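User: I'm new to looking at protein structures. Could you walk me through how to read one?

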Amino acid sequence: MKKTLVLILAAVLISLFIPQRLAAPFSIYVGQVWYADAVMAPFDVAIAKTQSQIEAEREDVKAKFTPIFRLDTLTANKKVSAFVDLLGSNISMNAEQKAKAIDTLRAIYRVGVMSNKDHNGLQDKFLRRLNGVLLEPLHSRDIYSANSAYKIMSEMTSLSSQSLQNFIVTNLNYDERLNTDMREESLSEIATVSGVVRKGEQIVARGEVITPDKFNVLNSMIAQSQISQESQGNPYNVTIAQFLILVMLLMLNYLYFTQFASYYFGRGLREFSFVLALYVLMAALLSVVARMDGVSPYVMPLAVVAVFCLAFFNMRVAILANLSMAFIGAMFVRQPFDFFAVNIITGMVAILMMRHNYHRGSLMRAVGVILLTNLVSYTCFALLREGNFANIPYITYLWIIVSALLLLGFYQAIYLLERLVLCPTSRCSNCATPISRCYWIWLTTRLGLSNTRSKWLTWPRVQPRKSVPTRYFAVLVLCITTLAR
């Protein structure tokens, strides 16, 4: 009765973590031959652009964006008025020269004086000048820099350079906030769809190869269909279906463990609760990752469940735990088949690499092989789906590397559980062998019995039911002999 309650509780917790969305009606990838019936558009399908297309258009908009400079007429009028007052008391210039100099300064400020730094950064480029509410396009060569304005005015007046510099200031300034708002507005106007397939039009026929364009249309149809069904359907039906699937999966786990690993799971509730706790913990972490924007679900090291079960139980338990965890993880993602297959392959390699991991020195090599397997398997399935390397989101490779580092960190928890006496069985985390053997190795090493240590290290694995009492007896005899000496 207690095991049933624990099983149901675990299924409820995991089902609450899983996102409430419908599954895709079929799985497709680029290059696949479509053997099913022809697919007709059930409604007007808006063809969504790929992420790479949207990013390319965003970069193009940013590159073609024309900067905006605000014309400050108030500052210009003040400087011109001060310049007129100064020339009024100047006796070295006649009235005609003074009028010409004043008109030239007004014309310069009317066009705009830009700082030397901004003017140099806009060589042979266009800009936009904001004069009040009027936005005018201009070329950079039509704008005065502070140096060019000073040079022109110095040729028309007999004023000293220090006096003249007081009347040449920048009145055409870059408006950071306005440019940011205008750029974001331009980026928001980028269309996310590239076309429309009308209702009743054929998308793919029987025997056709799924090209990247057809793949994009089918994916768009699936996404819009799911959104429509989720808005119209009852979300509790999805939750109940997920719960029943998890109950069946966990029930199969329990029956398999009690049938083929009865030494560990046939005595109490602690061992099975430990495995269920691993499932719930990884599901909770995967739920957090699935709700974070920009974070790939491949960052989760689901293989750690198999590694834990291998360390504390045996390979049979680890293999089923790997299959179950990959199945549960696939319920969190949009592309469940790829995620399930990649994690199955990675988990099996982790089991094979860790089964003879008698020393921590070989741990880094094992994690390296697991990382390489994860990268290669993900690349293969991504190529099946995308069709070429250019469309693969390479940022996922970084998340896979982080996943390998997390696996390395989670592995240390095995040693922690052993030290805290939370291990569900009497197996040692350092070498995945019975604790008695580790104590034997430590004791014989202290006594200098290297041949005995080598003999124990090379012993093949046997069934714990038969070997544990004998080895405990051997340790007891060795301890008595040591005390006698």
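Analyst: Let's go from the whole chain down to single residues, keeping in mind that this is a predicted model.

User: Okay, how many helices and strands are there in the protein chain?

Analyst: Counting these elements is a handy way to begin. Here the protein chain has 20 helices and 10 strands. The chain holds 485 residues, and 39% of them count as buried. Its accessible surface comes to about 26,500 Å², with 62% of that belonging to carbon and sulfur atoms.

User: What share of the contacts joins residues at least 24 apart?

Analyst: For this one, you take contacts between residues at least 6 apart in sequence, and in this chain 75% of those join residues at least 24 apart.

User: Next, the inside. Which residues have the most contacts inside the largest nonpolar core?

Analyst: General idea first: in soluble globular proteins, nonpolar side chains tend to be buried together. In this model the largest nonpolar core has 69 residues, and the ones with the most contacts inside it are Phe-265, Tyr-279, Val-305, Cys-309, Phe-313 and Ile-328. Helix α12, residues 270–290, gives the largest share of this core, 11 residues. Apart from that core lies another one, of 17 residues, including Met-93 and Ile-168.

User: Can we zoom in on one residue? What does Val-305 touch?

Analyst: Leaving out residues up to four places away in sequence, Val-305 touches Leu-278, Tyr-279, Met-282, Ala-321 and Met-325.

User: And cysteines: is Cys-309 buried or exposed?

Analyst: You read that from the relative accessible area. Buried means under 20%, so Cys-309, at 0%, is buried. Cys-380 has 42% relative accessibility, so that residue counts as partly exposed.

User: How many disulfides does a search of the whole structure find?

Analyst: The count is 0.

User: Which residues form the nonpolar patch on the surface?

Analyst: They are Tyr-236, Ile-240, Leu-244, Ile-245, Met-248 and Phe-327, with about 620 Å² of accessible area together. Helix α10, residues 235–260, supplies the largest share of the patch, 5 residues. Met-248 lies in that helix. Exposed means over 50% relative accessible area, so Met-248, at 52%, counts as exposed.

User: Last topic, salt bridges. How many are there?

Analyst: The count comes to 8 salt bridges. One of them joins the side chains of Asp-37 and Arg-206, at 2.4 Å from N to O. This pair links distant parts of the chain, 169 residues apart: Asp-37 sits in the loop between α1 and β1, and Arg-206 in the loop between β10 and α9. Both Asp-37 and Arg-206 are exposed.

User: What separates Arg-106 and Asp-103 in helix α4?

Analyst: Their side chains also meet in a salt bridge, at 3.8 Å from N to O. Arg-106 and Asp-103 are 3 residues apart in helix α4, so about one helical turn separates them. Arg-106 is partly exposed, with a relative accessible area of 38%, and Asp-103 is partly exposed too, at 48%.

User: And is Arg-129 buried or exposed?

Analyst: Use the cut-off again: under 20% means buried, so Arg-129, with a relative accessible area of 10%, is buried. The side chain of Arg-129 meets that of Glu-136 in a salt bridge, at 2.6 Å from N to O.

Conventions: Residues are numbered from 1 along each chain as its sequence is written. This is a predicted model: local features need pLDDT of at least 70, side-chain atom pairs count only at pLDDT 80 or more; totals for chains, interfaces and linings use all residues. Side-chain values use heavy atoms; hydrogens and water are left out. A nonpolar core is a set of buried Ala, Val, Leu, Ile, Met, Phe, Trp, Tyr and Cys residues joined through side-chain atoms within 4.5 Å. Buried means under 20% relative accessible area, exposed over 50%, partly exposed in between (1.4 Å probe, protein chains only). Helices (H or I, at least four residues) and strands (E, at least two) are DSSP runs, numbered from the N terminus. Contact means heavy atoms within 4.5 Å. Patches are made of residues with over 30% relative accessible area and no salt bridge: like charges are joined within 9 Å, nonpolar side chains (Val, Leu, Ile, Met, Phe, Trp, Tyr) within 5 Å. Accessible areas come from the Shrake-Rupley method with a 1.4 Å probe; for residues, only the protein chains shown count as cover. A salt bridge is a side-chain nitrogen of Lys or Arg within 4 Å of a carboxyl oxygen of Asp or Glu. A disulfide is a pair of cysteine sulfur atoms within 2.5 Å.
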